[in-house]
Amino acid sequence: MITLCGFAISNYYNKVKLALLEKGIAFSEETVLTGSTDEAVLSVSPLAKVPFVRTPDGPLCESQVIVDWLEVAHPEPALIPKDAYAAAKVRELCSFLDLHIELVGRELYGQAFFGGSCSPQVQERVRQQLTKNVAALKRLIKLSPFAAGTSFTIADCSAFAALPTVGMASKAVFGTDLLADGGIDWKPYMKMLGERPSVQRVVADRKAAQEAMAGKK
Ligand SMILES: N[C@@H](CCC(=O)N[C@@H](CS)C(=O)NCC(=O)O)C(=O)O
């Protein structure tokens with residue numbers, strides 16, 4: 001049995017959870033927060049980032065590595081095309097979303113979601129970088145209706161993790177959604193994804209975790 005470690009508010013945790021659910025793989029969840037100094041965590045995830053997984057073969061960290069491993073270990077239902085080039089195009093989109101959208105937009109999350117603040121210099125750098133990278137993403141992403149084309153792939157797991165958080169964070173910090181401004185119409189796409197039971201489960205678990213964090217429960 002696979003154990004997914006992390007927490008339900010983490011977008012990278014939810015990227016992996018979505019892939020597990022789409023594949024119908026049995027898994028359990030273990031809450032691990034970021035910043036752990038516990039040797040048991042560091043020996044698996046040396047930067048103490050989440051998610052990581054414990055598998056019957058051993059542990060793994062880095063969400064993309066985990067989803068790629070899942071695809072090889074549990075090939076059906078396929079979330080990556082069998083054709084080598086088509087598979088590479090899906091992974092190209094995953095890299096773009098993770099590295100050039102999410103990782104850049106992430107610098108805004110403290111101010112947008114957690115009551116922190118970003119210096120004007122950081123804001124300006126992120127705004128310029130995101131504007132450039134969103135225009136580049138627009139050339140790659142299909143949203144027709146899925147991120148990489150006509151079927152659900154791991155690129156949708158990455159898009160699910162990156163698009164809403166970066167769209168909302170830019171709106172919160174800059175007063176404008178840089179994704180929408182760049183022609184990435186992520187809201188109807190997320191609505192369409194929200195018809196899938198896998199996405200409904202991830203969203204419900206995240207909401208419960210957010211409410212618990214806010215002390216409402
Ligand atoms: N490249 C990593 C990124 C994971 C990541 O940044 N996770 C966040 C939580 S959403 C985290 O652990 N942040 C704490 C930190 O960076 O120290 C992956 O794809 O798994």
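Helix axes are taken here as lines fitted to C-alpha atoms over the stretch in contact, with angles running from 0 to 180 degrees between N-to-C directions. In this predicted model, the axes of helix 4 (residues 84-105) and helix 6 (residues 120-140) come within 9 Å and cross at roughly 160 degrees. Angles over 145 degrees count as roughly antiparallel, and helix 4 and helix 6 are therefore roughly antiparallel to each other. Their crossing is left-handed.

A closer look at this pair shows who meets whom. On the side of helix 4, the contact is made by E92, L93, F96, H100, I101, V104 and G105. Helix 6 answers with V126, Q129, L130, N133, A136, L137 and L140. By residue class, the contact of helix 4 with helix 6 comprises nine nonpolar residues, four polar ones and one charged one.

Stepping back to the whole protein chain, domain 1 spans 2-73 and domain 2 spans 84-213. Taken over C-alpha atoms, the centres of domain 1 and domain 2 are separated by 20 Å. Where the domains touch, 15 residues of domain 1 are in contact with 18 residues of domain 2. On the domain 1 side, helix 1 (11-23) and helix 3 (63-73) each contribute at least two residues. Helix 1 provides the largest share of that side, namely nine residues. The side of domain 1 that touches domain 2 is made up of eight nonpolar, three polar and four charged residues.

Definitions and conventions. Residues are numbered from 1 along each chain as its sequence is written. This is a predicted model: local features need pLDDT of at least 70, side-chain atom pairs count only at pLDDT 80 or more; totals for chains, interfaces and linings use all residues. Domain bounds come from an automatic or database domain assignment. Two residues are in contact if their C-beta atoms, placed from the backbone, lie within 7 Å. Helices (H or I, at least four residues) and strands (E, at least two) are DSSP runs, numbered from the N terminus. Ala, Val, Leu, Ile, Met, Phe, Trp, Tyr, Cys and Pro count as nonpolar, Asp, Glu, Lys and Arg as charged, and the others, Gly among them, as polar. Angles under 35 degrees count as roughly parallel, over 145 as roughly antiparallel, 65 to 115 as roughly perpendicular and the rest as oblique. A crossing is left-handed if the near helix is turned anticlockwise from the far one by less than a right angle, and right-handed if clockwise.
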